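Hi,

Here is the structure I said I would pass on. Have a look at it first, and my notes follow below.

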Amino acid sequence: MTLPITPVSLKCIKPNCNPATASPLVLFCFNRNRLKASREVEFTDVPNCHLIKGIEAGAGDIDILPNGLAFFSVGLKFPGLHSFAPDKPGGILMMDLKEEKPRALELRISRDFNLASFNPHGISIFIDNDDTVYLFVVNHLEFKNTVEIFKFEEEENSLLHLKTIKHELLPSMNDITAVGPAHFYATNDHYFSDPFLKYLETYLNLHWSNVVYYSPNEVKVVAEGFDSANGIHISPDNKYIYVADTLAHEIHVLEKHPNMNLTQLKVLKLDTLVDNLSIDPSSGDIWVGCHPNGQKLFVYDPNNPPFSEVLRIQNILSEKPTVTTVYANNGSVLQGSSVASVYDGKLLIGTLFHRALYCEL
Ligand SMILES: [Ca+2]
Ligand SMILES: [Ca+2]
């Protein structure tokens with residue numbers, strides 16, 4: 001097999017970086033352009049923002065119901081990523097954006113679920129024909145990958161655990177977009193689940209990351225060849241699937257077919273490491289949580305913290321989509337933005353391991 005990249009084109013970003021001896025979790029040898037290691041940001045502010053009380057150790061993904069209830073996946077712990085609360089399990093917070101001064105509160109989770117090992121990553125809401133609300137959560141129990149499906153019980157502010165899904169085609173999930181009560185598309189940001197092989201896969205730039213469709217009857221790879229497939233979201237008209245490829249700095253538009261297969265329609269190139277995607281249901285605009293400089297993200301230095309950046313993409317299907325930087329910060333307020341979601345003139349920005357912002361646009 002011919003590898004697509006030679007060691008000569010790789011540059012260590014850490015001093016004394018030796019691929020032969022270093023641990024895969026601390027070693028970071030990448031092409032500097034993949035990490036956008038030289039990028040700086042110019043401040044872009046949204047005027048009416050404040051930090052959300054109670055979020056200090058990450059709110060990596062956010063999804064919002066049509067009635068304004070926002071769900072936050074909080075407290076992710078991940079090899080190679082910084083954590084401000086390494087000993088605390090993760091959880092799901094909720095915020096009612098219809099309230100004048102919304103507060104984030106933690107949802108109770110049914111007792112049969114192993115809360116102590118909850119490590120939630122990407123999330124997605126699905127509303128069934130009978131108005132039942134399901135919350136799908138990518139969960140990393142140590143190095144395992146599962147999808148946890150919960151039923152949201154609004155009166156009790158709680159999540160009833162319904163199902164755990166585990167499958168050999170879902171070895172390294174990042175995000176998910178639900179399309180039925182037990183049906184979803186998920187990204188695998190790596191082909192392997194073993195941390196050393198994951199590292200090697202990224203180091204060698206293999207492009208083995210993929211998108212998988214899961215249903216109780218059929219599980220299949222529906223798109224592949226990504227560098228690191230990350231955020232995934234279905235379009236409001238259910239015709240397209242959008243996929244963020246972090247290290248390739250791209251957003252892919254894939255057409256969804258009746259048999260749930262996907263074919264690539266277009267690729268939008270950006271100048272930043274794209275993470276989670278959300279859609280403004282009123283306009284169809286895509287909102288993207290981005291890491292402008294991946295080196296600062298992966299090699300955490302409190303004196304030189306990771307940046308944050310939020311992009312809005314309008315008319316992605318047109319020949320010239322409009323890309324606007326809505327928010328950018330050098331880490332002084334927000335470090336490592338991974339998601340931005342809007343609802344009725346309000347904007348929520350979440351981060352991988354830091355704080356979260358509530359803004360009025
Ligand atoms: Ca998501
Ligand atoms: Ca993600």
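Before the rest, some housekeeping. This is a predicted model, in which local features need pLDDT of at least 70 and side-chain atom pairs count only at pLDDT 80 or more, while totals for chains, interfaces and linings use all residues. Residues are numbered from 1 along each chain as its sequence is written, chains are lettered from A and ligands numbered from 1 in the order in which they are written, and side-chain values use heavy atoms, with hydrogens and water left out.

Donors here are N, O and S atoms within 2.8 Å of the metal (3.2 Å for Na, K and Ca), and since water is not among the atoms, sites may look incomplete. Helices (H or I, at least four residues) and strands (E, at least two) are DSSP runs, numbered from the N terminus. Ile123 counts as buried because its relative accessibility is 4%, and Asp175 does so at 2%. The scale is: buried under 20% relative accessible area, exposed over 50%, partly exposed in between (1.4 Å probe, protein chains only).

The calcium ion that is ligand 2 is held by Asn174 (OD1), Asn230 (OD1), Asp275 (OD) and Asn276 (OD1), at 2.2 to 2.5 Å. Its donor residues follow N-x55-N-x44-D-N in sequence. Both Asp275 and Asn276 are buried.

**The two annotated asparagines**

UniProt, in an unreviewed entry, puts the feature "glycosylation site" at Asn276 and Asn330. UniProt positions are given in the numbering used here, feature names are shortened, and annotations may be inferred rather than shown by experiment.

Asn276 lies in strand S21 (residues 273-279), and its side chain makes a polar contact of 3.5 Å with the side chain of Asp61. Leaving aside neighbours within four places in sequence, the residues in contact with Asn276 (heavy atoms within 4.5 Å) include Asn174, Asp175, Asn230 and Trp287.

Asn330 is in the loop between strand S24 (322-329) and strand S25 (337-343), and it counts as partly exposed at 29% relative accessibility. With the neighbours within four places set aside, Asn330 is in contact with Val41, Phe43, Pro305, Pro306 and Phe307.

**A sheet and a helix**

Five strands make an open sheet with mixed pairing, in the order S8-S12-S11-S10-S9. Strands S8 (108-109) and S9 (120-127) are at the edges with a single partner strand each, so one side of each has no neighbour in the sheet. Two strands pair if DSSP finds at least two bridges between them. Strand S10 (residues 133-139) runs antiparallel to strand S11 (residues 146-153), over six bridges, and Phe136 has Ile149 as its bridge partner in S11.

In helix H2 (residues 195-203), the buried residues include Lys198, Tyr199 and Glu201. Asp194 caps the N-terminal end of H2, with a side-chain oxygen 2.9 Å from the backbone nitrogen of Phe196. After H2 comes Asn205, with a positive phi near 55 degrees.

**Cysteines**

The count comes to one disulfide, a disulfide being a pair of cysteine sulfur atoms within 2.5 Å. Cys49 and Cys359 form it, with their sulfur atoms 2.1 Å apart. The pair links distant parts of the chain, with Cys49 in strand S3 (residues 48-51) and Cys359 in strand S27 (residues 357-360), 310 residues apart. The link of Cys49 and Cys359 is right-handed, at 105 degrees about the S-S bond. Cys49 is partly exposed at 27% relative accessibility, whereas Cys359 is buried at 0%.

Cheers

Conventions. Polar contact = N/O pair within 3.5 Å; in protein donor to acceptor, adjacent residues only side chain to side chain.
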